[in-house]
Amino acid sequence: MVTAILLKLIILFVGVLFAFSAAIICFRLKNVNRTERTQIFKTAEYFNAWIILICFVTTLVYGIFNHFELKKSVHAIISLNYSEASQALNSNGTRYNMAEIISDEVVSRAIKKGALKNVTVKQLKNCLTVYPCVQGGVADETQYHISTEFAVEYHASKHTAHLDSENVIKLISAAYKEYYIEKYTDNFRLDAQKPDFDNMEYMDIVAYFDKEAQAVLNYLYGMAAKNPSFVTESGSTFNSIAGKVHQFNETQINQNFKSLILQNGIVRNKDGYIDRLSYHNKNVDFDRRKNDASYKLCNQAIDMYSEEMTRVVLVPTWDQTGKYYMGRTKVGVDELSVMATNFSNYVASNEKEIMDNKLVIDKISSSNQKSEFYMSADALVDSIYQSIKGFEKEAINAGREYSRHKMNQCIAVTIYGISIMSELKTLVLFACFAYVSLVLYRISKKFPKIGGSPQ
């Protein structure tokens, strides 16, 4: 704040000196004839030592204050290099909004990330501006343009003068990348709130754990499909993490935990759970009988076709080059065969589900209900839950690491600080202006007042 005031005062002083000297010369020109004017300008000391010294000192002071003032401002160019950017879209297909670059959440992240002291989100945000580097018009189609480069400018205020300007713009850029990755590229998250396992049946807990483990696996397999060779900083790949999760699901959940429950018939509400499984079996059996009837109906329809119609049917057609050939076409039997196969699979699945439920009912009905079994089961519940959360965290960290790697290529940030050449040009221009002003002031003193003599 002080440097800005002093800088303006120096420029104002030189400007006033120039204007004052020029005004004196203009007003006193009529007091001398042409010969005298020419003589004054010819005999003027254009390279006076005192003028050079004063100009040097003034320029030096100006250069110091100008350097500190320029350090308060810096800007960055954020370039979007993914294909959807040219359509003003985020990488997930949603509408892109450049205002998010300096949104409250991004600025807050930057403050926390850099541990910036004595500054609020509002104070820092007021120092930032964002705009597209190339703006189009709407007058006609030739002026339409979607910018994929955006400039972010930072100009320090009295509240942020204690911060390093270049560090601030780096923090904003890094915080925006993290914000973009979490919002538009990484949407994987399991249930944030821990379920009330005390009020859940143990077999329901098994189903819940299996669902959560499958969710982690689906995420990892999806990421592996995008880049199977990506290696995290810890040396893991998506497939290697998925292998650990799959092994854990098979051994700890489906073998150890599920086997413990089935072998010992562990249940919270024995009669209620048996009634629930029995009711569920009735519904599944209804679906089984319906699918079985559909399967038999398809087979009956197939039998109604004559033998000649079920043979391969060839029809004349032509390929993309225009040449004719005999192509095989489908008949009704093909469709019916596929339907019959599907219904047969449905029946097998229904029967397996009914048999699994009957097995659970038999085990529960003959259980001893010993307390040590329940203690072992509860201990396994807590252990498995913590392990799944650990796998979730590892999967998310790997995904975000991959997203950062990808976004470093898709979102490029170029920071522009103080340009030495630009600063030198400004310094030379000011020195010339100051020197001319001083010389002009010295010349103005040689012009006499009305009826007087030169000073």
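Leu124 lies in helix H5, which spans residues 121–125; helices here are DSSP runs of H or I with at least four residues, strands are runs of E with at least two, and both are numbered from the N terminus. The model is a predicted one, in which local features need pLDDT of at least 70, side-chain atom pairs count only at pLDDT 80 or more, and totals for chains, interfaces and linings use all residues. Residues are numbered from 1 along each chain as its sequence is written, and side-chain values use heavy atoms, with hydrogens and water left out.

With a relative accessible area of 0%, Leu124 is buried (buried means under 20%, exposed over 50%, partly exposed in between, with a 1.4 Å probe and protein chains only). Beyond its neighbours within four places in sequence, Leu124 is in contact with Val107, Ile111, Leu116, Val119, Tyr154, Thr160 and Val168, where contact means heavy atoms within 4.5 Å. The C-alpha atoms of Leu124 and His155 are 9.5 Å apart, although 31 residues separate the two along the chain.

His155 leads on to the strands. Strand E3 (residues 149–155) runs antiparallel to strand E1 (residues 73–80), and seven bridges join them; two strands pair if DSSP finds at least two bridges between them. Ile78 stands opposite Phe150 in E3. Four strands form an open sheet in the order E2-E3-E1-E6, with antiparallel pairing. Strands E2 (128–132) and E6 (411–416) each have a single partner strand, so one side of each is left without a neighbour in the sheet.
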